[in-house]
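Grab your viewer and work through a few exercises with me. Try each task yourself before you read its solution.

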Amino acid sequence: FISCGFYTTDLTHSDFSGSKFCNCPFSRNWIYKSTWDDVEFIQCSIISLEAAKTDFYDIVMQNCEVKDSRFIRCGFTHVELEQVDAFTFTVFSNCIFDQCDFKNCQFNRVEFIGCTFINTSIDTLNTSVQYNDCVFYDT
């Protein structure tokens, strides 16, 4: 998908595994009980996304912006341990991560601004990640 826009789209029960999105804007989308494994997001803008019970295993995000979005019970786990820098030059702002898992994710120059983490597994000691004005509950 190159420069394809996804606006106000219900992506419930979708499976985009193995897809690559380049320069694609996502705005006001809903993803529920879906599978988005091995997906690449390159220079994408993701705004006001609501995702719940969705697998984003082994995804790659490079030069992306994710803002005003909510992720509930989503898995960002990296099964393929040879995958390096899964999240690179990506900014998350004003996002909520509730019961999410970032196990084995590699971050390179990633920034979380004004995000809330609730019962979410994420490596807060990684020096390649900046947390600005973030709140952590029971993590």
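Two strands pair if DSSP finds at least two bridges between them, and strands are DSSP runs (E, at least two residues), numbered from the N terminus. We're on a predicted model: local features need pLDDT of at least 70, side-chain atom pairs count only at pLDDT 80 or more, and totals for chains, interfaces and linings use all residues. Residues are numbered from 1 along each chain as its sequence is written, and side-chain values use heavy atoms, with hydrogens and water left out.

**Exercise 1.** Find which strands pair with S15, and in which sense.

Step one: S15 pairs with strand S17 (residues 129-132) over 4 bridges, in the parallel sense. Isoleucine 113 has asparagine 132 of S17 as its bridge partner.

Step two: strand S12 (residues 91-93) pairs with S15 over 3 bridges, again parallel. Here valine 91 sits opposite glutamate 111 of S15.

Step three: look at the faces. In a regular strand, side chains alternate between the two faces of the sheet. S15 (residues 110-113) has Val110 and Phe112 on its covered face, and Glu111 and Ile113 on the uncovered one.

**Exercise 2.** Work out the strand order of the open sheet of 6 strands, and say which strands stand at its edges.

Step one: the order reads S4-S7-S10-S13-S16-S18, with parallel pairing.

Step two: S4 (30-32) and S18 (135-137) are the edge strands; each has a single partner strand, so one side of each lacks a neighbour in the sheet. On average, neighbouring strands here are turned by 5° against each other, direction ignored (axes are lines fitted to C-alpha atoms; angles run from 0 to 180 degrees between N-to-C directions).

Step three: zoom in on strand S13 (residues 96-98) and strand S16 (residues 116-118), parallel and joined by 3 bridges. Aspartate 98 has isoleucine 118 of S16 as its bridge partner.

Key
Buried < 20%, exposed > 50% of the residue type's maximum accessible area, 1.4 Å probe, protein only.
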